[in-house]
Amino acid sequence: MKGIEFIGKRFVVSGAGGIGAETAKLLNSLGASIILLDINEENLNNTLLSLEGTNNRAYICDFSNVDGIEQVVKLIATENGAVDGFVHCVGVGSVRPLKMSKYDFMLKVMNINFFSFVEIVRCLSIKGRYNSNGMNIVGVSALGAYLGNSTKTAYCASKGAMNAAIRCLAKELAPKNIRVNAVAPGVTDTPMARVAEDYGADSDEHKMILARQYMGVCQPLDIANTIAFLMSDMSRMITGSCVAVDGGKLSS
Ligand SMILES: NC(=O)c1ccc[n+]([C@@H]2O[C@H](COP(=O)([O-])OP(=O)(O)OC[C@H]3O[C@@H](n4cnc5c(N)ncnc54)[C@H](O)[C@@H]3O)[C@@H](O)[C@H]2O)c1
């Protein structure tokens with residue numbers, strides 16, 4: 001069996017934080033040039049600097065403004081040409097009780113975690129913006145798509161929406177040779193998880209979550225490895241699926 005290689009390929013990776021940065025580095029180390037999107041300039045610069053080659057690019061983009069995304073994707077297409085895939089790692093892990101979860105908060109989380117994903121897929125899947133042989137797309141979902149978490153209605157709904165959407169997008173885009181999948185990480189050692197720990201490490205719920213993840217906390221590279229597989233031809237018959245990378249949590 002041949003290993004995975006992405007020489008000559010160009011991928012858009014949204015999110016230059018924990019999982020996004022690791023994914024960008026891995027895809028780049030396998031030969032791809034990377035186009036990064038994030039709101040955080042420091043994350044963008046740090047990740048860009050860690051990449052090899054001269055064809056990597058970074059674009060500042062606020063995913064809470066979904067209307068602005070089309071312009072950024074147009075610019076990416078004009079400046080870089082067709083792409084071979086897209087990984088959506090941007091996300092916010094909002095924790096807020098129901099009584100404070102008003103519509104504007106719910107909408108912001110849905111915009112950043114979900115609507116921006118569909119909008120980028122919509123804008124990239126236009127002829128000329130993706131490789132004429134097709135492309136691969138992976139959304140980073142979460143176990144919250146399957147499990148109930150109190151105070152996480154907005155977050156879990158955004159991930160459930162992503163899981164439902166990939167099944168529809170996979171069917172609709174298959175005639176264009178575009179595969180669409182997701183990964184659902186368990187607790188992964190990134191800034192997002194560390195912030196959650198700061199607020200809830202002592203809570204019974206947090207302890208229970210970690211106890212259920214009986215293989216331990218994931219590292220960003222565990223998630224990136226699965227993303228690389230889904231972005232490669234080794235997974236050529238997989239589409240519309242969400243792969244849990246969760247240290248066993250869903251099974252316990
Ligand atoms: N870390 C975990 O335990 C865990 C578990 C399950 C799922 N996830 C998912 O993995 C993905 C990546 O999370 P991470 O742990 O790497 O988090 P992270 O906080 O390290 O990275 C998230 C990135 O998203 C960017 N971002 C936030 N708001 C934005 C906006 N409005 N516009 C553009 N960019 C914005 C941040 O600047 C950051 O670089 C998220 O979708 C998250 O829901 C993480």
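1. Ligand shell. The ligand is surrounded by 30 residues, the closest being G17, G18, G91, T190 and M192. A shell residue has its C-beta atom, placed from the backbone, within 6 Å of the molecule. α1 (18-29), α4 (103-124) and α6 (191-200) are the elements that each give two or more residues to this shell. Elements are DSSP runs numbered from the N terminus: helices are H or I with at least four residues, strands E with at least two.

2. Basis. This is a predicted model: local features need pLDDT of at least 70, side-chain atom pairs count only at pLDDT 80 or more, and totals for chains, interfaces and linings use all residues. Numbering starts from 1 along each chain as its sequence is written.

3. The shell holds 16 nonpolar, twelve polar and two charged residues. Nonpolar covers Ala, Val, Leu, Ile, Met, Phe, Trp, Tyr, Cys and Pro; charged covers Asp, Glu, Lys and Arg; the others, Gly among them, are polar.

4. Sheet. Seven strands make an open, parallel sheet, ordered β3-β2-β1-β4-β5-β6-β7. Pairing requires at least two DSSP bridges between two strands. β3 (57-60) and β7 (242-245) are the edges; each has a single partner strand, so one side of each lacks a neighbour in the sheet. The twist from one strand to the next averages 15 degrees. Angles run from 0 to 180 degrees between N-to-C directions; axes are lines fitted to C-alpha atoms, for helices over the stretch in contact.

5. β4 and β5. Strands β4 (85-88) and β5 (135-140) run parallel and share four bridges. V87 has V138 of β5 as its bridge partner.

6. Helices on the sheet. α5 (153-173) lies across β5, β6 (178-185) and β7, at about 165 degrees to β6. α8 (220-231) packs on the sheet too, touching β1 (10-14), β4, β5, β6 and β7. The direction of α8 makes about 165 degrees with that of β6. Contact means C-beta atoms, placed from the backbone, within 7 Å.

Key
Contact = placed C-beta atoms within 7 Å.
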